[in-house]
Structures are given as structure tokens and as C-alpha cells.
Amino acid sequence: MAAAQKFVFSNFLSLLFHGSGGCAPRAALHPDPSEKVCMHRRAPDAARLAEATAFVVDVEGGLLLSRSLFPYFMLVAVEAGGFLRGLILLLLYPAIACAGASGGGDVAVRAMAFVAFCGLRAARFRAGRAVLPRWLLEDVGFEAFDAVRRRPFGAAGKRAMVVWASRMPRVMVEPFLKEYLIADAVDVVAAREMKVLWGFYTGLMEEGDGSAASEVTNKLMKSTVVSGDVVGFSGGSAEFLRNNTLVSPCKELYMVSAEEKSKWRPLPRREYPRPLVFHDGRLAFLPTPLATVAMLVWLPFGAALAVARLAVAMVLPYRYATLILAATGQSWRLRGSPPPSSRSPSRGQLYVCNHRTLIDPVYVSIGLDRPVRAVSYSLSRLSEVISPIGRTVHLVRNRAHDGAAMARLLDGGAHVVVCPEGTTCREPYLLRFSPLFAELSGDGVVPVALAVETAMFHATTAGGWKSMDPLYYMANPRMCYTVEFLDIVDTAPVRNGAAASTDVANRVQRLMAAALGYECTMLTRKDKYLMLAGNDGLVGAKGPTCQ
């Protein structure tokens, strides 16, 4: 009876998302190639890959450690569609899991894609490039990727072409594969397209394995007949063997058992083909079903806690507020000693820090136990209203104007906090430092190394509502800021013309990177926003100048 219920349920979902019933045997859709394919229960060795003309890799079965695709569709649902869409996907998870367990893996993927994508504007969808790569890279198996990366050159001086076959929609998986894993221009991604109507995703995927898989299969069939052979690689289960047309041209298929795959290691960060410097999205955790339940249950409590924390921070003095906030899970650490006052009593001090969130100047002020003035290019009206350190000075990215604005603050005796990176960076990297700060202070600058840890939400975004940044930070169950004051860096040589401001800026960047254990880069704000948001990060409105 249970088997009959699973059969009926699986075919009902197949009818809904495929447009045709699932009663026909799979052999009618994809002839079982197991009779003509030589099967191996291990990963392919280098010698075998040197002989092959193409290497078909099952992304979900052969590359990723986890076979569950639910977290990735949940990321799309929440980051591109909102928490309500994520709730709907979570409520449907039991039905989706039943469909997958009863042999309807493709039906489950189509159902998740429908909920995650239906109604999203196609032109604005950037989660595939800005959000998913971070999580997919953490799920890559080192052994599988190492086999693909180290495939040798054959007798003809060419390496086997890699065909990445995925059940996920192309917009989800292609940016991750092409921008972070693919090294050769001939490598291709065979994944299905999401259907678009009037500029919006319908939530429906291409029928079968998609047009890309069909084109690649035809190409591989021709190459097999003419000059070579094709090798396939998967693991965990035989679903790839049963369902994918790309198996047809394969002469050999290497299937890693689930037991062997469980021994694989995640790909270390140092082994990434391309460093992951930028990523976007609010969620600071991988939304598995249980983790998603915890998040949705926490949301109303987190919203109330955020309001309470803001009230405490704005009303009470630092010495009392920090104690109360620490009791709620909002803690901070101080490393190093705050520097002595400026040698010139009438002149202020310039503090240079790396940029993690909008709250950076607040924690510098807490560490100093004195008021500071923060300078920023773009700041929402809400963030400025709820700021406990008062009015922020707005910059306009005009060198002469911004330099004069900060100089007036320093001449007036203010302690000024500046973030020369120009934008936030979540990963352990420092972006290029603008050298303007080195030209302003004759008494030297104080580098301040900042690190932030959050449990549930990121407090920054490139493509979302920036006005919500401080609220998301305050809504975390727990979070911690680390503030470390470094030794003063003398900038007198810049004022005297004995050193270039860029040299001093690079030195400060290196000192800060050494203190944090980060890496220095020459990437800028423009690089970040072009990748994550598709723009150069500029805003049209200019804020008021300082007085």
C-alpha cells in the first residue's frame, strides 16, 4: 500500500511540473546505457583521463559532497524572493523529500525551482553569481576536484574537455563553475534553462535534460565516432546513470560509492582556483531544513531584540550599554591599547580601519571610550538616525572636497574614523586602501584592525536594502566585534614630500593584514559592485558636507 501511495504521489508531481505523466518507464525516456557502459567503482586515474577526449562530471553526484539541493534553492528563495517565499518552500519540503525518496529526484528539483524562481524578474537575478558560489565552493569535494584539475595532457597536447552536468538550473550553477572552477575555455556547462515570460521567471524548467545537454551529447557522439572516447564520473547513487542523456556517449563510467565519498574532504580555501573575495546575501549560514526552521522561529524574537538593543545603545552610556548588550549576546573584544592623545592638543587624531560593517566607527568609539566623527560616502537616512555616535560626515568621492572636509574635522580637534577601502569586505581580504588619509595627518595615523562574527545574518549587502544593515546586525542571536589598535604610523614623510602617500597606504594595509591574518589585494569598490550588483557602486544623491 505504501509503495502504491509513493507511486501515485510521484506521478502526480511529475504531471504537475513536467506537463506529462510519470507512468512511462524511464527506459522510454532514456535507454538504460548500463549494458554498453563499462562501470568502475572508483575515481578515474590520471592515465585514463589522458586518453579521453571528454570527461563528463555529475556536479551533484561527483563534485559536491552533499546530495541535497534544498539549501541552494532555499538561498535563492530567501535572498532573491524574501522570507515568505522561503517559508513556502520549507512547508513544501516534506512533499519534496517524499518525491525524492520515491525515485522522483528530477520532480523534486523542478518543484523546488518552481517555488524559488516563479515571479522573479530575470534581469535582476544575481543570486547565482553573488550568493551561491560561496556555499557551493564549501561543498566541493577535494578528491573529486583534484582529479578534474590534475587531468594530464594527452598525446595530442590537449587535455580532455570537461562537461559539467547539473540538475540545477543554469542560472544557479553556471557562474560558480565558470568563474571559480573552470580553467580551460573548451569546458562547458550542461544545465537546464529556466523559462522566462515577459521578463519574469515562470518557475518551469526545460523539458528532459535541456537543450544544452542535447547539444553537448550530439557533439560528444560525433567525437566518439571520429577520434576518441568519453569518460563519465558520478558518485553516491545511480540516478545520473539512469536519467542523463550525457551518459549515452560515455564508454566508461566511474561511480564512487557513498561509503568512499563520505571519506572525502571539503576543498580547502587555499586550493580554490580563484579566491573568493566577494559574495552577497543576508544569510550567514547554510539553510538546511532544520537551520531554516530555526531562523524562521527566531525572526520575530530577533526583530524585537534588535529594537531593544538599539534603544539601549542610543540611551545609555557606553560603559553601561556594553554590559547589558553583552548579556543579550552582543559582545566585543579589545586587543592592544588605545593610542595616546595627539601630540598637538588642538588637533584631532585620524583612525584608519578596515571596513566590515556600518557599525565599525561605533566600536572604535567604544574602544577609545570617547566620541568620534565618522566619514562615509553612502549612508541611509535610517542608519544615520539610529547611530549612537551622532551625525556622520558625508563624502562625495571628490579628492579635493573630501580631503578638505576631513582636514577641517582634524583641525577642529575631532577624532576621525575613516575606512580607506571604500566598501565592506566579508572574507579575510583587504581591498586597496585609498591613499588620501596619508596626506591629511602630520602627527601620524592609528591603524585599527576590525573583525566581526555573526551567527545568522550578515550586516552588509551590495544588492539589497542598505538601510536594513544595522537592523540585521542587531537581530543576530549572538555576534562579536574584535577591535585591535595598532602602533601609530608616521605620515610626516608624506607631508614633507619624502614619501608617496600610496607607499604609506600600502604599509598600513600590510600591517593591518598581518594583525588580522588576512591577505592584501588591489581590488576596489568598483570591482565588488560590478561583480555582485552589476553597477559601479555609485549613488546619485550627494549628502551634506561637514561644517
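**Helix packing and cavity**

A: The axes of helix α6 (residues 83-91) and helix α16 (residues 289-315) come within 11 Å of each other and cross at roughly 135°. This is a predicted model, in which local features need pLDDT of at least 70 and side-chain atom pairs count only at pLDDT 80 or more, while totals for chains, interfaces and linings use all residues. Residues are numbered from 1 along each chain as its sequence is written, and side-chain values use heavy atoms, with hydrogens and water left out.

Q: How are helices and axes defined here?

A: Helices are DSSP runs of H or I with at least four residues, numbered from the N terminus. Axes are lines fitted to C-alpha atoms over the stretch in contact, and angles run from 0 to 180 degrees between N-to-C directions.

Q: Which residues of α6 and α16 make the contact?

A: F83, L87 and L90 of α6 meet P289, T292, V293, M295, L296 and L299 of α16, contact meaning heavy atoms within 4.5 Å.

Q: And what is the angle between α6 and α8?

A: Helix α8 (residues 105-117) packs with α6 at about 160°, the axes being 9 Å apart. The two are therefore roughly antiparallel (an angle over 145 degrees). R85, I88 and L89 in α6 meet M112, V115, A116 and F117 in α8.

Q: Changing topic: how many cavities of 30 Å³ or more are there?

A: The count is 1, a cavity being a set of points on a 1 Å grid over the protein atoms alone where a 1.4 Å probe fits but cannot get out.

Q: What lines the largest cavity?

A: Its lining includes H279, D280, R426 and K528.

How values were computed: 1 Å grid on protein atoms, 1.4 Å probe; cavity = no way out; pocket = protein on both sides within 12 Å on 5 of 7 lines; lining within 4 Å. Points joined across faces, edges and corners; volume = space filled by probe spheres on them. Parallel < 35°, antiparallel > 145°, perpendicular 65-115°, else oblique.
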